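Hi,

Here is the structure I said I would pass on to you. Have a look at it first, and then read on for what turned up.

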Amino acid sequence: MSDPKTSSSANSLFTSLKFQRRAGIVIRWIIAVILIIFAVFPVLWIISAAFNPSSSLATQHLIPENASLANFRTLFNSDVFPFPLWMWNSIKVTSISTILALFVTTIAAFAFSRFRFSGRQNLMKIMLLFQVFPSLLSIVAIFYLINQVGDVIPFFGLDTHAGLILVYLGGAMSINIWLLKGFFDTIPRDIDESAMVDGATHWQIFTRLLFPLMRPMLVVVAILSFIGTFGDFILARILLRSTESYTLMVGLQIYTAGMFSQKWGVFAAGALLGALPIMIVYLVLQDQIIGGLTQGAVKG
Amino acid sequence: MNVTGSAKSTTPVAYILRLLSLLIIDGFLVWFGYRQALLGNYTLVVLLAIVGMFISAVFLFNRAYPLRWMAPGLALMIMFSVYPNFLTIYVGFTNYGDGHLLTKEQSIIQIEKARYLPEGGSAYTWTAFKSDAGEYALWLLDETGVGYLAFEGQPITQVQPGEMGVGELDSKGIPQSITGYQRLNALLAVADPNLGEIKFGADENIVQIQSPSRAAAYEQKYVYDPEQDAMIDQETGKIYFQVDGTFRTVDGKVIIPGYQAYIGIQNFKDFIVSPALRGPLVRIIVWNFIFPLLSVFLQFSLGLGIALLYNDPKFPGKRLVRSLLLIPYTIPSLITILIWRGMLNPEVGVINRMLSSLFGANPAWFADPWLAKFALIVVNLWLGYPYYMLVCSGALQSIPSEIYGAAKVDGTNIWQSFRFITLPLLLVSVGPLLLASYIYNFNNFNLIYLFLQGGPPISGAATRAGHTDIMISYVYNLAFEGGRGQNFGLAAAVTLLIFLVVIGISLIQFRYTRMWEEVSENV
């Protein structure tokens, strides 16, 4: 956005413009480097800590002196903190709830996009309204509810993954329905109309025609909602009670309690393993995710 | 296409299948609701009735065909998202919490299990046996000379010699041996410190040693009288009337546990009247408004600044810079918050080691209220700016470049074109996101709780409260981490206050969005 200066001499205009551009780039790079240090430093530090065998906060240098996998070994062999189990719990709970949530939301979005019925607009608005009240605000009530459900059906009660998944599913509808409906709206209705003429049912249109067309967008929504659920802390924290049923995020938090400075290295290794998959997904699928973001999805 | 979305003519088989599955679902809901009603969870029963009627209507009437597609999602949403919101309101007016966790029905069952040792109850003479593992057995003889064998936690049974390892009886009717156990002589038994404490038997029938010669059976202490809605103490004859979910006598004695009961606006009164509750709450509310304001302003400013600086397609290495600056966004925020906590650790964290070696400073990030707040804002800036970097980059590209050309003709400088063109147009699209982000940070529990658990603590507070606590983390402390017991009712009442604030901001957001839409139409 540099303003060309009015100058009598074409030559001096040229040099000053060129000089301004160069200087501008240099200054911007200097700012960029400072910002990048701010952005990347914690990440570098955690990588360094993960490979630093002396597991204490106090004795850490950015480049560890004798890097080793000792922290990772501790992580996987600890009896007190079953890290692999937590990782498995997280992946299990997140995958199941993502797939189920996507299923119920997609069929609902299909109906919102393709059918016209009275109350359609209002129903959509109600969904938006409940997005304003995140489940975070009703933690007390959710705890109370799951406790009651568990009195009769222990399988869905407190300290069960099934109960946690139910709660995640309850919040799924209001979060993604607008995004998915928007995606359905981008597919021309002529496609389903011609199929209708050929005698296809709605279900056939949905499964054979629209679903394959939607697949790339569904992948993005699935990833976003996977990341959101994977990073959830509070619901898992209040509903899961025993160490064996913890998800990764709840488990990692234990490391930081009490003797944080001694468990720093092990925590770092765990944090790295927890963060790495998501980080890779983000950086590889940067453009698709940003596309999804600008259409209204919010990071959890 | 069938735009009304009604069902096409269905085959009889499909229709019967639909009815059958509906029958199964409704049958399950009725069974579940019945079991919940037995436990006294009537709000849940109402919910199940609503969900059941909704599903039945949707699958029975063809007019509701489009809703069939949404039925699973809507049913889940009603149960686990809509209902908890209303339940929060209900809980806010109850005393649900430690000491009042059960429903009235459950609590009566619990209280009626209490036993007491009557002076003149059915009595036994006793003989003690002890195993090598240190477990006790008691041989009981009632007045008619019938023998019983009693262990801790197992029902007392009438035993003949030869059964359960019991040997021949001696002249007094006491077995000479019990397999695996040694008989204790009377002196040893009386001197044994454990023996008198043990409750032998199980369930209704419990016997305890009262004196060297006598063991007595326990009897039910409280009996519920539905007519008076009161508990009657069988031992003393006192009557405990129910008051706000607790059975209590006129002179103030109470029975534990109490039960959940509607207590009106007591919770709200509590934190308005009690200075120890109100003091921290006022501070927390003030900080709760400032924290998201500062966070969002700084995140947006930095994000916008980066977008402006590096949006230039001619800038070399633009993509690299963007990827590196995006990194904070790509790590689950929970993990990075904990990493920052480690780095800022005043004793051993890397930041203080650098600060002390460079400037000799050693700021107490975790102990000083202002430093803790400052650190929180910096961490939140780190967490949040990439989002605005992304959003602003997108929004800047959508501003047509002709506008700048026209402005240049009018002689504006860079600052003026930013102030009067870029910023207003940007706020059209980003403004609602800023408000959404304000709401998000208003309830940013993860950051507050994971960074310092709300600390450093406010001294003199009646419940656990810290200088960096916001309302939602204060609620969490009240509900789940209370050092003085969990108080779900009070927590829900504070949540209702948060609801009001969120509704207020959402209304502003709604009006703001419309306002800026009008502005953009005029440009």
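Let's start where the two chains meet: 81 residues of chain B are in contact with 79 residues of chain A. On the chain B side of this meeting, helix H3 (residues 65-92) gives the largest share, with 18 residues. As for the make-up of that side of chain B, 56 of its residues are nonpolar, 21 are polar and four are charged. Do keep in mind that this is a predicted model.

Now for chain B on its own. Its domain assignment lists domain 1 (12-92), domain 2 (115-220) and domain 3 (271-522). Between the C-alpha centres of domain 2 of chain B and domain 3 of chain B there are 68 Å.

There are also some strands to look at in chain B. Strand S3 (residues 136-141) of chain B runs antiparallel to strand S4 (residues 147-151) of chain B, and five bridges join the two.

S4(B) has another antiparallel partner, strand S5 (residues 157-158) of chain B, and two bridges join them. Here B:Tyr148 faces B:Gln158 of S5(B). This hairpin, of S4(B) and S5(B), also has five residues between the strands, and in it B:Gly153 takes a positive phi near 80°.

Happy to go through any of this with you.

Cheers

Conventions:
Residues numbered from 1 in each chain as written. Chains lettered and ligands numbered in written order. Predicted model: local features only at pLDDT ≥ 70, side-chain atom pairs only at ≥ 80, totals over all residues. Contact = placed C-beta atoms within 7 Å. Helix = DSSP H or I, 4+ residues; strand = E, 2+ residues; numbered from the N terminus. Nonpolar A, V, L, I, M, F, W, Y, C, P; charged D, E, K, R; others polar. Domains from an automatic or database assignment. Pairing = 2+ DSSP bridges.
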